[in-house]
Amino acid sequence: MADHYEVLGVSREATPDEIKKAYRRLARELHPDVNPGEDAAEKFKLVTHAYDVLSDPEQRQRYDLGGDNNPFGGGAGGFGGFGDVFEAFFGGGGARAGRPRSRRERGQDALVRVTLDLGDVVFGAHRDVEVDTAVLCETCQGSCCQPGTQPVTCDICHGSGQVQRTVRSLLGNVVTSQPCTTCQGYGTTIPYPCGTCAGQGRVRARRTVSVDIPAGVETGLRLQLPGSGEVGPAGGPNGDLYLEVTVTPHEVFSREGDDLLATLEVSMPDAILGTTTTIESLDGPVELEIKPGSQSGEVLTTRGRGITPLRGGQRGDLRVGIHVVTPTRLDARERALIEEFAKKTKAPGPRLAEFHQGLFSKLRDRFRNG
């Protein structure tokens with residue numbers, strides 16, 4: 001015969017509370033209403049008998065001294081007390097205590113994708129977003145009933161949402177509870193459902209949600225708007241609305257962190273002699289000074305003309321990389337001037353120098369390292 005302590009999975013020193021908890025856990029797993037298999041039924045008998053013995057101090061003492069060797073013995077230690085055990089587990093009257101379900105449930109979340117341009121990212125943007133979602137039924141205001149009517153108490157479960165079922169077996173009369181099929185566990189029925197929402201308390205509709213999108217967002221970021229999702233059944237609380245951001249590439253500017261990057265093409269004479277120029281940034285004109293002798297790859301930085309950080313703080317910078325443009329077509333006079341300039345400057349000829357991975361790699365490194 002299996003040891004009662006091993007059947008319940010407790011030690012011989014287990015307290016009555018530990019024994020009771022172990023029985024409840026196993027009974028939930030092995031009860032015939034939950035686990036209809038024959039093997040589970042046999043285990044359920046053993047578990048119940050083990051608890052019947054070990055939960056009674058006198059029977060436990062007798063068992064510890066070597067008594068109760070018959071798993072199906074009669075007397076006070078047999079299955080005659082199973083009803084009391086089941087009542088202790090499932091609640092008064094042998095039925096699992098239950099409450100009726102609520103028709104009001106939380107609505108589902110909604111996801112909407114929003115496309116922005118880089119200019120929107122600098123300072124933030126305002127959008128009116130169209131959402132196809134569930135809204136409160138204006139006819140019944142979430143009651144699910146026709147105006148002037150209301151739910152009535154279910155005459156099968158009498159408002160409890162549960163019905164009891166008695167099963168006669170070798171274990172005696174077992175009383176269990178299960179959701180009422182007439183009212184679906186709600187405890188009430190709706191004899192006159194609302195014709196507008198078909199008794200759901202909500203209808204599908206398109207609505208407009210005004211959203212202030214903060215500065216500093218980037219592609220893939222999701223913004224949460226609590227309570228802006230769909231309304232729940234029977235006028236339950238709204239779910240949340242999530243906005244997923246996509247930022248379209250800009251023709252001139254790109255982003256690195258909170259900085260804006262751009263490339264400025266400079267003619268060879270301007271690079272040699274120096275000059276000033278004004279460019280149009282994403283939020284107005286910016287004047288740049290090109291110093292005499294500027295080289296390709298140098299970076300001109302304008303503080304505070306980049307992107308405002310998502311969580312606030314000082315704006316990033318505008319960083320403009322110089323790209324000196326060498327002329328490819330010269331007329332005879334221009335070529336003569338260049339040759340005369342070369343003779344006067346006596347510039348050294350081409351020679352091996354420090355390795356560089358190309359202009360754009362150089363620009364990228366300078367952008368990152370400042």
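The accessible surface of the chain comes to about 22500 Å², and 49% of that belongs to carbon and sulfur atoms. Areas come from the Shrake-Rupley method with a 1.4 Å probe; for residues, only the protein chains shown count as cover. This is a predicted model: local features need pLDDT of at least 70, side-chain atom pairs count only at pLDDT 80 or more, and totals for chains, interfaces and linings use all residues. Residues are numbered from 1 along each chain as its sequence is written, and side-chain values use heavy atoms, with hydrogens and water left out.

**Overall make-up**

Of the 370 residues of the chain, 36% count as buried. Buried means under 20% relative accessible area, exposed means over 50%, and partly exposed lies in between (1.4 Å probe, protein chains only). The chain has 9 helices and 15 strands. These are DSSP runs numbered from the N terminus: helices (H or I) have at least four residues, strands (E) at least two. Among contacts between residues at least 6 apart in sequence, 67% join residues at least 24 apart. A contact means heavy atoms within 4.5 Å.

**Helices H3 and H4**

Helix H3 spans residues 38-54 and helix H4 spans residues 57-64. They pack at an angle of about 105 degrees, with their axes 6 Å apart. That makes H3 roughly perpendicular to H4. The classes are roughly parallel under 35 degrees, roughly antiparallel over 145, roughly perpendicular from 65 to 115, and oblique for the rest. Axes are lines fitted to C-alpha atoms, for helices over the stretch in contact, and angles run from 0 to 180 degrees between N-to-C directions.

H3 contributes Asp52, Val53 and Leu54 to the contact; H4 contributes Gln59, Arg60 and Tyr63. These residues divide into 3 nonpolar, 1 polar and 2 charged. Ala, Val, Leu, Ile, Met, Phe, Trp, Tyr, Cys and Pro count as nonpolar, Asp, Glu, Lys and Arg as charged, and the others, Gly among them, as polar.

**Aromatic pairs**

A search of the whole structure finds 2 aromatic pairs. Rings of Phe, Tyr and Trp (its six-membered ring) pair if their centres lie within 6.5 Å; planes under 30 degrees apart count as stacked, over 60 as edge-to-face and the rest as tilted.

| Pair | Ring centres | Plane angle | Class |
|---|---|---|---|
| Tyr5 and Tyr63 | 6.2 Å | 45 degrees | tilted |
| Tyr23 and Tyr51 | 4.3 Å | 10 degrees | stacked |

Tyr5 lies in helix H1 (residues 4-8) and Tyr63 in helix H4, so the pair ties together parts that are 58 residues apart in sequence. Both Tyr5 and Tyr63 are buried.

The pair of Tyr23 and Tyr51 also links distant parts of the chain. Tyr23 sits in helix H2 (residues 16-30) and Tyr51 in helix H3, 28 residues apart. Tyr23 is buried at a relative accessible area of 2%. Tyr51 counts as buried at 8%.

**Gln178**

Gln178 lies in strand E5 (residues 172-179). Its relative accessible area is 35%, so Gln178 is partly exposed. Leaving out residues up to four places away in sequence, Gln178 touches Gly161, Gln162, Val163 and Arg165. Gln178 and Gln162 are 16 residues apart in sequence and 5.4 Å apart in space, C-alpha to C-alpha.

**Positive phi in a loop**

Gln141 lies in the loop between strand E2 (125-136) and strand E3 (152-153). Its phi is positive, about 55 degrees, although Gln141 is not a glycine. Cys144 lies in the loop between E2 and E3. Cys144 is not a glycine either, and its phi is near 75 degrees. Cys144 is buried, with a relative accessible area of 3%.
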